[in-house]
Amino acid sequence: MTDQHTAQRAEIGVIGGSGLYALLDDVTEITVDTPYGAPSDSLFLGGIGGRTVAFLPRHGRGHKLPPHRINYRANLWALHSLGVRQVVGPCAVGGLRPEYGPGTLLIPDQFVDRTSGRVQTYYDGLPLPDGTVPEVVHVSMADPYCPDGRAAALAAARSQAWEPVDGGTLVVIEGPRFSTRAESRWFTANGWSVVGMTGHPEAVLARELGLCYTSLALVTDLDAGVTAGEGVTHAEVLEVFARNVDRLRGVLFKAVEALPADRDCVCSHALDGVETGLPGVPEP
Ligand SMILES: [Zn+2]
């Protein structure tokens with residue numbers, strides 16, 4: 001069912017693969033347009049434990065969009081326009097330490113941006129199609145992930161008997177290629193934990209809209225610098241992800257239920273006293 005009306009609302013947004021919401025009953029598909037263009041796909045509204053949730057397939061259905069071509073601004077804006085204030089972003093990553101093998105779930109508390117050429121801000125001073133000109137705003141990114149969201153995710157994983165890694169640094173590379181062995185060893189030598197292609201700029205754009213963002217990083221392989229073999233293949237990544245999708249969905253749903261209904265975290269105050277010039281940001 002496709003509904004062109006966007007009167008529907010959701011509290012919580014999930015950006016991830018379609019396997020994460022495929023089992024929900026009563027999902028309503030809606031299309032949302034944004035000043036930044038179209039998001040990756042339709043949004044799918046459903047309910048989890050009394051919470052209203054909007055699911056967005058990050059790569060579009062059929063995995064058509066590589067990480068560097070995703071319209072991250074449109075994706076976060078579309079969720080925000082539905083009333084979403086908390087976003088959870090599951091993603092597949094490579095482990096940068098031998099102990100972070102396939103099947104490890106890591107809830108990062110930091111990221112390092114190694115992407116290039118991705119638009120990572122709403123505050124570029126350029127006019128929107130309707131003539132609105134955003135202010136230049138510099139948000140704090142010292143702690144990029146929501147502390148309440150992280151706590152909910154950690155507790156959710158433990159409730160599913162899946163001991164997560166509490167904290168760590170997610171390196172985000174441009175892709176779509178995987179890392180060289182030298183790059184991978186350099187990431188490890190810096191003390192970083194896992195490497196992926198989609199964590200940035202999602203967390204940054206969420207913060208710029210005053211949204212909470214929580215990353216669930218599922219390790220699908222050991223990165224090239226940690227293994228002696230040929231390195232990562234896409235087939236391996238898909239295979240490990242498929243094997244873990246059921247329990248990842250379980251953790252995701254528990255975490256969504258446990259997110260606080262009333263926010264009082266660093267993210268919720270990111271735009272306190274700030275004039276953004278963007279319509280609806282911060283929320284009235
Ligand atoms: Zn928050």
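Start with Asp-221: setting aside residues within four places in sequence, its contacts (C-beta atoms, placed from the backbone, within 7 Å) are Gly-94, Pro-102, Val-232, Glu-236, Val-237 and Val-240. This is a predicted model, where local features need pLDDT of at least 70 and side-chain atom pairs count only at pLDDT 80 or more, while totals for chains, interfaces and linings use all residues. Residues are numbered from 1 along each chain as its sequence is written.

**Asp-221 and Leu-222**
- Asp-221 sits in strand 12; strands are DSSP runs of E, at least two residues, and helices are runs of H or I, at least four, numbered from the N terminus.
- Asp-221 is buried because 24 C-beta neighbours fall inside 10 Å; the cut-offs are 20 or more other C-beta atoms within 10 Å for buried, 12 or fewer for exposed, and partly exposed in between, with C-beta atoms placed from the backbone.
- Leu-222 is in strand 12 too, and it's buried, with 23 C-beta neighbours inside 10 Å.
- Not counting residues up to four places away, Leu-222 touches Gly-94, Gly-95, Pro-98, Gly-101 and Thr-227.

**What the record says**
- An unreviewed UniProt entry puts a "binding site" feature at Met-197, Asp-221, Leu-222 and Asp-223.
- UniProt positions follow the numbering used here, feature names are shortened, and annotations may be inferred rather than shown by experiment.

**Leu-209**
- Leu-209 lies in the loop between helix 4 (199–208) and strand 12 (212–222).
- Leu-209 has 27 C-beta neighbours inside 10 Å, so it counts as buried.
- Leaving out neighbours within four places in sequence, Leu-209 contacts Leu-76, His-80 and Val-281.
- Cys-267 is 58 residues from Leu-209 along the chain, with 9.0 Å between their C-alpha atoms.

How values were computed. Two residues are in contact if their C-beta atoms, placed from the backbone, lie within 7 Å.
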